[in-house]
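Hi,

Here is the structure I promised to pass on.

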Amino acid sequence: MKILIVEDDRPLSDSLRALLEDRGYQVEAVYDGEEGVQYALLGVYDLIILDVMLPVMDGRQAARQLRAQKCAVPILMLTARSELEDRVEGLNAGADYYLAKPFDTRELLACVGALLRRQGGQTDQLTFGNTALDLDSSTLACGEKWVRLSARELEVMRCLMQAKGRNLSKEAILARVWGYDSNAVENHVEVYVGFLRKKLASIGSNVRIEAVRRLGYHLEADET
């Protein structure tokens with residue numbers, strides 16, 4: 001699971017990042033609302049932790065802009081102000097949950113887990129067509145046939161299955177699987193898509209990875 005932290009208090013941002021990474025999440029952080037919106041709209045995150053008091057664009061404005069642009073990623077909003085009116089305003093701006101500072105890390109982790117479960121982000125198996133991707137065992141299965149995937153293959157296939165047939169750009173796959181700081185290029189995505197196509201064929205899957213020029217990849221399932 002990939003989480004974006006938008007928090008200008010760098011010590012707090014660093015501690016949140018360390019806490020979440022220790023729990024196995026992939027985490028990236030930015031430090032103002034405008035940059036937060038730009039990152040969030042890449043479509044590679046499962047959850048956004050968004051502070052209210054931010055430079056350039058505050059958290060409520062950022063949340064409204066994301067919702068106006070059809071970004072449905074859960075938003076956990078953080079604020080030093082805990083009055084009812086502030087909580088209502090944050091929720092009306094598009095936040096899914098509102099957590100007042102200072103907060104107990106146990107409550108934060110519980111909120112993160114609940115928001116990810118609510119959108120089905122923590123399922124152990126994804127399916128498309130006649131094929132299942134088991135996240136625990138890193139296997140791709142069709143009926144009695146199965147094949148094991150490498151870590152990268154697993155993450156690329158997870159992205160495609162979670163997109164549910166929508167086009168996913170190479171840039172989005174790179175950001176989600178390799179990370180922004182990686183030296184990986186679009187050719188890396190093409191290579192792993194090639195690996196996955198061969199493995200899908202080897203188990204008799206009816207799932208195809210289709211490429212659309214300038215738009216990336218999506219899954220299709222043949223009629224059986």
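Four strands make an open sheet here, in the order β6-β7-β8-β9 with antiparallel pairing. Strands are DSSP runs of E with at least two residues, helices are runs of H or I with at least four, and both are numbered from the N terminus. Two strands pair if DSSP finds at least two bridges between them. At the edges stand β6 (125-128) and β9 (145-148), each with a single partner strand, so one side of each has no neighbour in the sheet. From one strand to the next the twist averages 20 degrees. (Axes are lines fitted to C-alpha atoms, for helices over the stretch in contact, and angles run from 0 to 180 degrees between N-to-C directions.) β6 and β7 (residues 131-134) pair over four bridges, and F128 has T131 in β7 as its bridge partner.

Before you go further: this is a predicted model, in which local features need pLDDT of at least 70 and side-chain atom pairs count only at pLDDT 80 or more, while totals for chains, interfaces and linings use all residues. Residues are numbered from 1 along each chain as its sequence is written, and side-chain values use heavy atoms, with hydrogens and water left out.

Which helices lie across that sheet? α6 (residues 151-162) lies across β6, β7, β8 (139-142) and β9, at about 125 degrees to β7. Helix α8 (residues 186-202) lies across β7, β8 and β9, at about 155 degrees to β9.

(Under 35 degrees counts as roughly parallel, over 145 as roughly antiparallel, 65 to 115 as roughly perpendicular, and the rest as oblique.) In contact (heavy atoms within 4.5 Å) are R152, E155, V156, C159, L160 and Q162 of α6 with I173, R176 and V177 of α7. By class, that is five nonpolar, one polar and three charged residues. (Nonpolar covers Ala, Val, Leu, Ile, Met, Phe, Trp, Tyr, Cys and Pro; charged covers Asp, Glu, Lys and Arg; the others, Gly among them, are polar.)

β4 (residues 75-79) is joined to β5 by four bridges, and L78 stands opposite L99 in β5.

α5 (residues 105-118) packs against α1 (residues 10-22) at about 60 degrees, with the axes 12 Å apart. That makes α1 oblique to α5. L16, L19 and L20 of α1 meet T105, L108, L109 and V112 of α5; six of the contact residues are nonpolar, one is polar and none is charged.

Last one: β10 (residues 207-212) and β11 (residues 216-221) run antiparallel, joined by six bridges. They form a hairpin with three residues between them, and R214 in the turn has a positive phi of about 70 degrees.

Cheers
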